Structure formats: structure tokens, C-alpha cells
Amino acid sequence: MTHRTHPLQNKVAIVIDAAHGIGAELAHQLAHAGALVVVHYRAVQRQAAHRVEEEIFACGGRAWAVPANPYSASDIAFLLEQTQQGFGTPDIIIACESNDDMFRQQFGTHAEKVWLLSDAAGCTRKNCTLPADASYALVRIITQATRNAALQQGRHPVTTDDEEEMARSEDWLTAHAHI
């Protein structure tokens, strides 16, 4: 019997603002799927980021907490350099708190790998560099992490519009994924 690995196994993922909330949930779920996770944090979130890193290690995953200002070109260069040295070239960069295209531009040649949560579905259709099965898996993880984080904060996880957009995204990915 052949054991099939998860489509995100050994993918290098940077999760921006992963010290708390949806970012932490995404980091955990990506690690559970076998991704190598860079837990980005801002300087004031050091303890929380290292806690996320330790939780991932405790569950058998691989993570590395790296501080940076995501709107500073030099800090982004440092984040990318540390990612390269620790895990290799990033395959996925997820921005949890941003919906700004300027943010995507900060990543230069890696801009096509940036998933802004506000447009993750559109990103998969337009310019995603991941194979279709990995894109599909990532959209499912983003959807689940968003719901889990909202429930943990006592909010309704998604609106009807969000659910409709996710359904359209999943329909498109299902039609184009070979899983």
C-alpha cells in the first residue's frame, strides 16, 4: 500500500503575525499538514511567538519564530534570509492582518507567493505558484483556521458572503485539482 503525503508536506510557509489569533491557528494547522513554518512576530510579541513555536515542536512539527516589521523592506529581507537559512525558499507567505497590495510588494520576487486572507481565493485563481492540490489544501486550511480562530474569540466564524466566496473558490480548485 502506498502512503500518500499531504500536498503541503515539506512546503516552507511564512505566517505573518503568527503569535496570536488566526496567525497562530494557521501556523499550527500548516505544521500539522507537514509544512515547515516560520512564525513571524513583531518585537512586542516575542513570548507569544515562542510559545506557538514550542507548541508546534511539541506536536512533532517544525517551526521557527522570526521577528520583523512586515512593512519594512530591510526587515522583510531579514525575514526572507532567515527563512532561507533555516528551511529554504518560501513556498507560501500568509498575511493574516493585511489586505494591502503594498504589503505584497514588500516581498519583491516572492510577491506571487503572498496570500492575503482577504483575497486568498482570488490569489489561487490568478497567480498562485503552488500546484493545484496544494492550493486546494491551503484554502481548506485557511478556511478552517479562520473558523477556529473566530470561534475561539466567541464570534460567528464567517459571513454568508464569505461562505459563498469560499464555496466558489473550493469549486474552482476542485475542478482543477488532481487529488
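Visitor: How many residues does helix α3 have, and what distance does it reach from its first C-alpha to its last?
Guide: In this predicted model, where local features need pLDDT of at least 70, side-chain atom pairs count only at pLDDT 80 or more, and totals for chains, interfaces and linings use all residues, helices (H or I, at least four residues) and strands (E, at least two) are DSSP runs, numbered from the N terminus. The expected span of a helix is 1.5 Å times one less than its number of residues, and for α3 this gives 20 Å at 1.5 Å a residue. The span of α3 (residues 73–86) is close to that expectation, for its 14 residues reach 20 Å.

Visitor: Which residues of α3 are buried?
Guide: Residues are numbered from 1 along each chain as its sequence is written, and side-chain values use heavy atoms, with hydrogens and water left out. Buried means under 20% relative accessible area, exposed over 50%, and partly exposed in between (1.4 Å probe, protein chains only). By that rule, the buried residues of α3 are Ile76, Leu79, Leu80, Gln82 and Thr83.

Visitor: Within what arc do the buried residues of α3 fall?
Guide: An α-helix has 3.6 residues a turn, so residues three or four places apart point the same way. The arc is taken from the directions from the helix axis to the C-beta atoms. Seen down the axis of α3, its buried residues line one face of the helix, because they fall within an arc of 160°.

Visitor: Which side chains meet in a salt bridge?
Guide: A salt bridge is a side-chain nitrogen of Lys or Arg within 4 Å of a carboxyl oxygen of Asp or Glu, and a search of the whole structure finds one. The N to O distance of this bridge is 2.9 Å, and the side chains that meet are those of Asp17 and Arg42.

Visitor: Is Asp17 buried or exposed?
Guide: Asp17 lies in the loop between β1 and α1, and its phi is positive, about 60°, although Asp17 is not a glycine. With a relative accessible area of 4%, Asp17 is buried.

Visitor: Why is the pair of Trp64 and Phe87 edge-to-face?
Guide: Rings of Phe, Tyr and Trp (its six-membered ring) pair if their centres lie within 6.5 Å, and planes under 30 degrees apart count as stacked, over 60 as edge-to-face and the rest as tilted. The rings of Trp64 and Phe87 have their centres 6.4 Å apart. The pair is edge-to-face because the planes of the two rings stand at 85°.
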